[in-house]
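Here is a short briefing on one protein model and its ligand. Look over the chain, then read the points below.

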Amino acid sequence: MKAVILQFSEKEGLSLNDISLDDPKPEVEEVILQVSACGFSYHDALIINGTLNRGVSLPRVLGHEISGVIVDVGSKLSKKLIGSKVVVIPKDLGHRQNGGFAEFTSVPFSSLVFLPPDYDSIEKACLLFSPISVAAKAVKTCQLVKNNWLIISGASGGLGIHAAQIAAAKGVKVIGITSSEKKLKFLQKMPWFFAVFMETEPYEEILFAMTDDHGIDAAIETTSMSIERLLNTLTPKGRLVLSGQISSSKSPIVPAEVIFRELQIIGSLGASLPEINECLNAIKKGAIEPIVDRISPLSAHSLETAFTRMTNREVVGRILISPLAPSSV
Ligand SMILES: NC(=O)c1ccc[n+]([C@@H]2O[C@H](COP(=O)([O-])OP(=O)(O)OC[C@H]3O[C@@H](n4cnc5c(N)ncnc54)[C@H](OP(=O)(O)O)[C@@H]3O)[C@@H](O)[C@H]2O)c1
């Protein structure tokens, strides 16, 4: 099968390469998926640039946001599963086990979420667990009601843009913060945002003016680069939900600000099966739209381009890599 592998050599360092591998064979409680699509996430970018190496063994096929069709099953599983459309809840995929930047991948049965047989946009479904359900859990953790205010950093990212959609559907007024001048006008036109600001703007003052000095009810921090500023926008007893960290730099928190306004700082990780199924139903009804930047064919060139576009902050939502997408070459 075709795959893209990340490998290390003394001469070239870390590099992505097109490779032909043996088709995977299932262990007793595993299935083989024909990959429909795999999201290119910030996590993959951190592995590719060498920042993240804990728990990653090389050479490795990366990619953990996977949707596909079951084409083979292990000896303890029913052959009736063959042909089912599924999404993967990743564990070791793309770390110690080969992931989704390949034509086929092996996945434990226990990691599968089954899509209805008539589900037609199976490629976009790869975003069901992360970022969509992860974003939904972060929104839930904010404990918001209609007409509350929510601020989200990294507004154009996978977590940010889906969190904005999910909160707006509850009648919450969503403020986006972006670091990208190029994307600002585009984001401002999206229906889910009440307003979007550049991170360089003095948005704290503007937000207190916009909310008649009430302040913002909750914040979702997807980058961990605006922690202090987001805390400063919050109303007393406001919630700051930490869901992502793009930079390794430490963030100063002024304890007095948290104490005197009785703010809450809460971490949010992953999503449960009921939360995933809730998102699946919302997608089916059209209440959540998976935001796909583009679908690129499976190749080292596609992954390198995705990496560059992500690093240049050009991506809105997710880039998907699909072995089924037509190659431009
Ligand atoms: N809590 C969980 O369970 C969970 C699950 C999945 C991912 N995560 C983590 O959450 C974080 C965000 O994930 P994501 O899927 O939203 O990532 P993403 O799609 O790559 O989006 C990240 C966003 O951060 C902003 N950004 C700010 N500085 C950046 C920089 N130097 N390089 C690139 N982007 C930058 C960009 O938005 P603007 O251009 O609009 O500023 C970008 O779109 C990552 O650290 C990821 O590992 C956590």
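Asn147 sits in the loop between helix 2 and strand 8 (149-153); helices (H or I, at least four residues) and strands (E, at least two) are DSSP runs, numbered from the N terminus. Asn147 is not a glycine, yet its phi is positive, about 75°. It has 10 C-beta neighbours inside 10 Å, so Asn147 counts as exposed. A residue is buried if 20 or more other C-beta atoms lie within 10 Å of its own, exposed if 12 or fewer, and partly exposed in between, with C-beta atoms placed from the backbone.

This is a predicted model: local features need pLDDT of at least 70, side-chain atom pairs count only at pLDDT 80 or more, and totals for chains, interfaces and linings use all residues. Residues are numbered from 1 along each chain as its sequence is written.

**Backbone details**
- Lys237 also has a positive phi without being a glycine, at about 70°.
- Lys237 lies in strand 12, and Lys237 is exposed, with 10 other C-beta atoms within 10 Å.
- Leu58 and Pro59 are joined by a cis peptide bond, with omega about -5°.
- Pro59 belongs to the loop between helix 1 and strand 4 (65-73).
- A cis bond also runs from Ser130 to Pro131, with omega near 10°, and Pro131 lies in helix 2.

**Helix 2**
- The buried residues include Leu128, Phe129 and Lys137.
- The 14 residues of helix 2 should span 20 Å at 1.5 Å a residue, and the end C-alpha atoms are 18 Å apart, which agrees. The expected span is 1.5 Å times one less than the number of residues.
- Gln143 follows helix 2 and has a positive phi, near 50°.

**Around the ligand**
- The shell around the ligand has 29 residues, and Gly154, Ser156, Gly157, Gly158 and Gly244 come nearest. A residue is near a molecule if its C-beta atom, placed from the backbone, lies within 6 Å of it.
- Helix 1 (42-48), helix 2 (128-141) and helix 3 (158-169) each give at least two residues to this shell.
- By class, the shell has nine nonpolar, 18 polar and two charged residues. Ala, Val, Leu, Ile, Met, Phe, Trp, Tyr, Cys and Pro count as nonpolar, Asp, Glu, Lys and Arg as charged, and the others, Gly among them, as polar.
- Domain 1 and domain 2 both give residues to the shell, so the ligand lies between them.

**Domains**
- The domain assignment gives domain 1 (2-121 + 291-322) and domain 2 (130-267); such bounds come from an automatic or database assignment.
- The centres of the two domains, taken over C-alpha atoms, are 30 Å apart.
- Nine residues of domain 1 are in contact with 12 residues of domain 2, where contact means C-beta atoms, placed from the backbone, within 7 Å.

**Ser251**
- Ser251 lies in the loop between strand 12 (234-242) and helix 7 (255-260).
- Ser251 counts as partly exposed because it has 16 C-beta neighbours inside 10 Å.
- Leaving out residues up to four places away in sequence, Ser251 touches Ser224, Ile227 and Glu228.

**Whole chain**
- The protein chain has nine helices and 15 strands.
- Buried residues make up 45% of its 329 residues.

Key. Two residues are in contact if their C-beta atoms, placed from the backbone, lie within 7 Å.
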